[in-house]
Amino acid sequence: MSDSEVIKILKEMPIFQNLSDEHLLLISKGFSINKVKEGKFIFYQSEESTDLYIILDGAVKACLLDPEGKELILNIFKKGDFFGELSLLDGKPRSATVIALKDSVVGILKREQFLTLLKNNPMIAISLLSALVERIRMTDEMLGAMAFLDVSRRILKYILNIAQKEGEKTEEGYIKINKITHRELASCTGASREAVTKALKILKFKGIIFEKNGHFFISPDIEI
């Protein structure tokens, strides 16, 4: 991946949007680039590492795993997203495990480099805090949904959150997103796969969503 391609991705990230091309070039030169195969672990919960990761291509999931292998997905990060910021800031072990959902390319920025960057560019700190607050709000909403909503409404809420960030509006007014697997829906909403299957059938029967050619389409009558 060329420097210009990396800089283009960095420019689109809120935490770096106020930096000049010169600064972005220094960042791109300062981090290492790794290719990660689908299913490979990038780091483990409780691991002693403090680097910041930026997704240059692909997608990863941050999750909690129990001794039996069950997982709870905390977040899914895609091209242009960053992760690993908690250990980067406080220097403590990783709070979650991160696994590649597909073949991915990640840029890795050392903690010392990033802290130097923060000192010289205070606006990055403000943008980083804004991103952290947004993630905390999303986590709070999902915890509330898991505690108080039935499976159908939890799944709908998760799908709507994805649609709000990534959805494309069709000519008919539907919102189109990439199809989400039953496994992902189950892991992200704290439900079993069987419950997810039943819930999706209910949502489809009610006309709230339908599935076609590898996409979910959300009814224009549903507020995003």
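Reader: Among contacts between residues at least 6 apart in sequence, what share joins residues at least 24 apart?

Author: The model is a predicted one. Its chain holds eight helices and twelve strands. Of the contacts in the protein between residues at least 6 apart in sequence, the share that joins residues at least 24 apart is 67%.

Reader: What radius of gyration does the protein have, and which value would a compact globule have?

Author: The C-alpha atoms fill a box of roughly 55 × 45 × 30 Å along the principal axes. For 224 residues, a compact globule would have a radius of gyration near 17 Å. The protein agrees with this, its radius of gyration being 19 Å.

Reader: Over residues 15–135, how far apart are the end C-alpha atoms?

Author: UniProt, in an unreviewed entry, lists residues 15–135 as "domain: Cyclic nucleotide-binding". Over this span the chain is 33% helix and 34% strand. The distance between its end C-alpha atoms is 14 Å.

Reader: Is Ser187 buried or exposed, and which residues does Ser187 touch?

Author: Ser187 has its place in helix α7, residues 182–189. Its relative accessible area is 8%, which is under the 20% limit, so Ser187 is buried. Leaving aside residues up to four places away in sequence, the residues that Ser187 touches are Glu71, Leu72 and Ile73.

Reader: For residues 149–221, what are the helix and strand percentages?

Author: The unreviewed UniProt entry gives residues 149–221 as "domain: HTH crp-type". The end C-alpha atoms of this span lie 20 Å apart. Its composition is 51% helix and 19% strand.

Reader: Which are the edge strands of the open sheet of four strands?

Author: This open sheet has the order β9-β10-β12-β11, and its pairing is antiparallel. An edge strand here pairs on one side only. The strands that do so are β9 (168–169) and β11 (209–212).

Reader: Which residue in β12 is the bridge partner of Ile175?

Author: Strands of a sheet pair through backbone hydrogen bonds, in either a parallel or an antiparallel sense. Strand β10, residues 175–178, pairs with strand β12, residues 215–218, in the antiparallel sense over four bridges. Within β12, the bridge partner of Ile175 is Ile218.

Reader: At what angle to β10 does helix α6 run?

Author: Helix α6 comprises residues 151–166. This helix lies across β9, β10, β11 and β12. Its angle to β10 is about 100°.

Methods. Residues are numbered from 1 along each chain as its sequence is written. This is a predicted model: local features need pLDDT of at least 70, side-chain atom pairs count only at pLDDT 80 or more; totals for chains, interfaces and linings use all residues. Side-chain values use heavy atoms; hydrogens and water are left out. UniProt positions are given in the numbering used here, feature names are shortened, and annotations may be inferred rather than shown by experiment. Helices (H or I, at least four residues) and strands (E, at least two) are DSSP runs, numbered from the N terminus. The radius of gyration is taken over C-alpha atoms; the globule rule is 2.2 Å times the number of residues to the power 0.38. Contact means heavy atoms within 4.5 Å. Two strands pair if DSSP finds at least two bridges between them. Axes are lines fitted to C-alpha atoms, for helices over the stretch in contact, and angles run from 0 to 180 degrees between N-to-C directions. Buried means under 20% relative accessible area, exposed over 50%, partly exposed in between (1.4 Å probe, protein chains only).
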